[in-house]
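Please read it alongside the structure shown next.

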Amino acid sequence: MTLHSSRAEARTDLLHGTLDMLILRTLRWRPQHGYAIGQTIRAQSSEVLQVEAGSLYPALQRLAKKGWVTAKWGQTEAKQRAKFYRLTPEGKQQLVREASRWTELVNAIARIMNPAAAPGTKE
Amino acid sequence: MPFDQDDFEDEIRAHLEIAKAERVADGATFRDAHQQARKEFGNITLTTEAARRQWTPWWVDALHDRVSDVRYAIRSLTKTPAFALTVVGALALGIGVNAGVFTMLKAAAVSPIAGVSRSASLVTVFRETTSGRALNVSYPEFQYLRDHDTAFSGLMGSVLAKVGLGRGRDSRSLFAEFVSGNYFEVLGVRAARGRTLLPGDESAPGRQPVVVLSDGLWRRDFGADPAIVGTIITVNNQPLTVAGITDPAFHGTSVVYDVELYVPITMAPALGFTFNSRESTPSTILADRQAGVFMPQGFLRPGTTLARATAQTEALGAVLARERPISESPARMRTVAFWKTPGGAPAVLLPTLGLLSAMGLLVLTIACANIAGLVLVRGLSRRGEIAVRLAIGGARTRIVRLLVVENVVVALPAAALGLLLAAYGIPLVIAWVERLAAPQRIFLNMQVDGLVMTFAVLVACGSAIVFGFVPALQSSRVDLAAVMNEVSPRGATPGRLRAALVVAQVAVSLLLLVGSGLVARSLDAARHANPGFEMKHLATVSVDVKQNGYDEARGRLFYRRLLDTVRADPGTSSATVAAYAPLAFVDQPSRHIAIEGYEPKRDQDLAFLWNMVGPDYFRTLRIDLAVGRDFADRDDETAARVAIVNRTLAERFWGAAANAIGRRVRLDGEDWRTVVGVAADVKYIRINEAPRPYVYVPFLQAYRPAMMLQTRGPAPSDVLVERARAHITALDGELPILSARPDEDRMDGALMLFTLSARMLSVFGVTGMALAALGTYGLVAYTVKQSTHEIGIRMALGASRSNVVRAFVGRGLRLGGLGAAIGLVAALALTRLLATALFGVSATDARSFGTALAIVLGGVMVATVVPAWRAARTNPLSALRHQ
């Protein structure tokens with residue numbers, strides 16, 4: 001899955017929501033700057049998900065506007081300047097909601113795609 | 001926390017630095033690291049833009065798109081000013097014509113009564129006889145309906161009347177309305193000063209001598225005197241106390257005349273109005289159920305339909321008829337929408353306005369076809385641009401949207417220009433009508449107002465979008481490869497569409513020209529038609545002796561003495577008086593008439609127009625008498641009752657004119673009269689009316705306070721008018737002259753609607769033809785331009801200029817011919833609908849068709865030859881190098 005940096009209206013809500021959820025998840029334990037968020041998602045997905053800057057930064061702005069993250073300039077371990085994003089309490093709640101919604105969705109899709117093997121199905 | 005662009009750019013720089021540092025750490029050179037980081041990041045501008053968009057509300061976003069579309073449209077239009085100006089001009093003409101017609105239509109049907117909101121939804125109640133004759137409702141009936149008809153939220157009554165204002169030499173005649181007490185309340189009209197009339201002003205006949213003035217009268221005649229309320233003015237020689245001034249916007253409910261006074265209906269008998277009642281005291285006149293006073297009007301109660309109101313009112317009418325049966329002609333109560341009010345101005349005007357609207361729409365159609373053609377041609381010449389846009393990924397919807405926005409950008413100035421045209425044209429029409437009606441004051445609710453503006457903008461945008469959209473779609477359907485590779489850009493479909501547009505314009509303009517030609521020829525025929533009387537050297541001066549307080553005895557004496565003095569004038573060859581003038585244009589009341597020897601069928605309502613005329617009437621008007629004699633001085637109260645009928649009546653009921661003499665007729669409620677003469681038919685109301693039965697009774701055996709003095713003499717009509725006026729003033733200097741004009745003018749008034757439609761249609765015809773010629777020219781010129789290459793080859797191969805011209809003229813004329821043929825067929829089919837509006841020409845009049853055809857083909861010829869000739873002048877070499 002590649003998230004394109006085309007115009008904002010061209011992307012679907014599902015993709016929107018998913019990218020937002022991934023970002024929130026990445027910020028779960030500690031604040032991170034934009035580049036690091038992209039790298040983390042990439043690494044944790046075993047290089048499957050490439051989050052382009054053109055999607056990432058608008059998404060961060062979106063989350064900031066909703067009040068789920070706050071941003072603050074700081075320094076990296078390599079003493080470089082960077083803007084760090086931190087999850088707010090509302091952001092944490094949102095992540096919980098998103099996560100459970102995601103699980104439901106994945107299960108539902110799995111039940112359709114693979115009825116026999118999917119977890120939670122009754123034979 | 002709004003979007004902070006500097007901070008965001010800073011963040012991106014930081015991102016790039018970190019990415020770069022990581023790559024350097026991985027062993028890349030500084031330079032490579034920089035490039036890789038940039039490349040990986042992607043488009044910084046787009047990202048910044050997308051980030052910013054997260055903060056802007058969606059509507060700002062959409063608005064921004066539109067604004068940039070509009071900006072772009074304006075920019076690209078200014079690059080082709082000829083195109084833009086032509087489209088604006090064509091559309092402006094189409095809009096101007098339609099806004100003008102709509103303004104008139106508004107005055108008749110949409111908001112006929114100025115100063116009253118939703119006036120078009122007023123509903124009129126009247127009595128209708130079994131033969132469909134509309135009668136006024138009597139005052140007692142009105143009172144009953146007003147108190148019992150729950151279908152209406154309020155039912156008022158008003159009757160237009162001419163009254164004399166003031167005393168003595170300064171007195172003048174003006175329009176008043178006698179109104180029920182709830183008139184202003186029902187209409188929702190307020191007083192600008194003092195108070196309006198109230199229900200309490202209608203409590204008893206003759207008891208409330210009050211009057212409300214119009215704002216205009218107060219300013220013109222009373223110098224806007226702030227202390228006017230409470231003063232006494234004289235109307236028909238009766239003192240009336242001014243109760244108030246109406247709202248300046250209100251001009252009465254007559255739709256056409258400017259009403260200047262409002263008097264309680266209960267005062268009408270005291271001012272000399274008897275409503276054809278045979279009773280004599282004010283209270284008995286108003287209690288007379290034979291005397292039709294007015295047609296009550298009101299707004300329906302919310303939630304009530306016209307059908308339900310009709311049913312209820314008819315039921316109430318039936319109750320009335322059962323309780324106290326009245327007239328000899330059975331009638332029922334009817335309710336109709338205001339514009340259908342019998343004898344009302346809208347009902348008279350609407351057929352003409354309908355015709356004008358239809359023709360106006362034809363002009364707009366041509367303008368739109370014109371625009372479609374231009375847009376199409378321009379779209380074709382912009383194929384390169386559109387192809388490039390599509391190639392670099394421009395969405396098709398976005399390109400179409402742009403083309404549509406371009407059309408709207410053109411539509412708005414066109415609407416403004418069109419409105420300007422209408423705003424300048426309408427006053428000309430009003431001034432013309434005012435001149436015809438003088439000295440009567442006219443008020444037409446014909447201003448170019450918000451409603452007209454909305455109409456113009458909607459029509460302009462609608463036409464621009466609809467007619468700009470289809471060709472715009474055509475343009476967007478571009479074969480990328482073909483255009484980019486510069487293969488011939490001429491597709492088959494746009495070519496056919498283009499041809500179809502030329503054909504359509506030619507056809508519609510032919511239709512227009514045939515229509516306007518037919519109406520112009522009708523007008524001409526009507527002008528020269530024989531109205532049945534001699535208009536030249538005839539003068540008519542009207543007075544109403546009740547305006548100076550005469551009773552019947554004094555009135556009779558006045559008219560007798562007037563006739564004596566006028567006849568004694570050596571400049572008069574003959575003189576008479578009459579109640580109605582021929583060619584009156586305005587409908588007159590007809591009367592129920594019994595004919596000896598003819599047994600009317602059950603429920604048949606035998607009612608004809610009639611006139612009350614003095615001695616020598618037929619000699620004075622030069623109306624031929626087929627048999628018998630004219631009225632004479634000896635036909636007075638003491639003599640046997642006599643009448644004269646017209647030829648149509650005599651032939652219809654007694655077989656021949658000669659059989660009529662000695663037979664008897666009886667007007668409703670009168671004694672039998674013996675027929676002493678049969679007169680030739682006259683055009684009584686309109687020049688295009690069918691022959692109709694008519695009865696004349698002698699003035700000396702009847703009476704009516706409002707009469708016209710008609711004099712004939714060798715002097716020019718203007719002199720006759722002045723002499724007649726002088727005779728009246730000599731007898732009574734205080735009597736207002738209602739109107740004084742030579743009868744030659746009568747034709748102008750009678751032909752008013754004819755003239756109006758003929759003039760407007762000729763403007764429409766010329767406009768339509770000019771537009772069609774312009775459109776044809778544009779499309780032919782375009783075809784020629786597209787064929788420059790072909791022309792070059794032809795000429796290089798030895799074709800002469802005339803050969804080239806002939807080839808293109810041939811193409812143009814073929815299209816023109818096809819259009820003309822279609823137009824002819826359409827005209828033959830459609831002008832039949834015009835038949836009622838025509839006079840003296842058949843709907844298939846060869847001359848009108850021939851002229852229209854010649855003009856159209858001539859126009860097409862010019863529009864084709866000019867561009868073709870210009871093409872032929874091209875140098876073959878430069879033509880070949882063209883592509």
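The points below are grouped by topic.

This is a predicted model, in which local features need pLDDT of at least 70 and side-chain atom pairs count only at pLDDT 80 or more, while totals for chains, interfaces and linings use all residues. Residues are numbered from 1 along each chain as its sequence is written, and chains are lettered from A and ligands numbered from 1 in the order in which they are written.

**Chain A**

- Chain A contains four helices and five strands; helices (H or I, at least four residues) and strands (E, at least two) are DSSP runs, numbered from the N terminus.
- The order of these elements along the sequence of chain A is β-α-β-α-β-α-β-β-α.
- Chain A has 123 residues, of which 30% count as buried. A residue is buried if 20 or more other C-beta atoms lie within 10 Å of its own, exposed if 12 or fewer, and partly exposed in between, with C-beta atoms placed from the backbone.
- Among the contacts of chain A that join residues at least 6 apart in sequence, 48% are between residues at least 24 apart. Two residues are in contact if their C-beta atoms, placed from the backbone, lie within 7 Å.

**Interface between the chains**

- The interface brings 17 residues of chain B into contact with 18 residues of chain A.
- On the chain B side, α1 (5–25) and α3 (44–53) each supply at least two residues, and α1(B) gives the most, with seven residues.
- The side of chain B that touches chain A comprises nine nonpolar, five polar and three charged residues. In this classification Ala, Val, Leu, Ile, Met, Phe, Trp, Tyr, Cys and Pro count as nonpolar, Asp, Glu, Lys and Arg as charged, and the others, Gly among them, as polar.

**Domains and cores of chain B**

- Chain B is assigned domain 1 (5–55), domain 2 (62–115 + 345–489), domain 3 (134–328) and domain 4 (538–750); the bounds come from an automatic or database domain assignment.
- The centres of domain 1 and domain 3 of chain B, taken over C-alpha atoms, are separated by 85 Å.
- The largest nonpolar core has 184 residues, and L91(B), V211(B) and I371(B) have the most contacts inside it. A nonpolar core is a set of buried Ala, Val, Leu, Ile, Met, Phe, Trp, Tyr and Cys residues joined through C-beta atoms within 7 Å.
- Helix α11 (residues 345–381) of chain B gives the most to this core, with 18 residues.
- Beyond its neighbours within four places in sequence, L91(B) is in contact with residues including A367(B), I371(B), V410(B) and A464(B).
- A second, separate core has 62 residues, including A539(B), I593(B), Y684(B) and L709(B).

- Helix α10 (residues 306–323) of chain B has 18 residues and reaches 26 Å from its first C-alpha to its last, close to the 26 Å expected at 1.5 Å a residue; the expected span is 1.5 Å times one less than the number of residues.
- Within α10(B), A309(B), T313(B), L316(B), G317(B) and L320(B) are buried. They cover an arc of only 105° around the axis, which puts them on the same side of α10(B); the arc is that of the directions from the helix axis to the C-beta atoms.
- A307(B), A318(B) and R322(B) are exposed on the other side of α10(B).
- The buried residues of α10(B) are covered by elements of chain B including β1 (123–129), α6 (139–148), β4 (152–156), β13 (297–300) and β14 (331–337).
- In helix α19 (residues 647–654) of chain B, the residues R647(B), L649(B), A650(B) and W654(B) are buried. These buried residues fall within an arc of 165° seen down the axis of α19(B), so they line one face of the helix.
- The buried residues of α19(B) pack against β18 (607–613), β19 (625–628), β20 (642–646), β22 (673–679) and β23 (694–698) of chain B.
- G655(B), which follows α19(B), has a positive phi near 85°.

**Loop residues of chain B**

- P296(B) lies in the loop between β12 (292–294) and β13 of chain B, and counts as buried with 27 C-beta neighbours inside 10 Å.
- Leaving out residues up to four places away in sequence, P296(B) touches residues including V125(B), F142(B) and L155(B).
- N236(B), in the loop between β9 (232–235) and β10 (238–246) of chain B, has a positive phi of about 50° although it is not a glycine. N236(B) is buried, with 29 other C-beta atoms within 10 Å.
- R622(B), in the loop between α18 (617–621) and β19 of chain B, has a positive phi near 55° and is a residue other than glycine. R622(B) counts as partly exposed, with 16 C-beta neighbours inside 10 Å.
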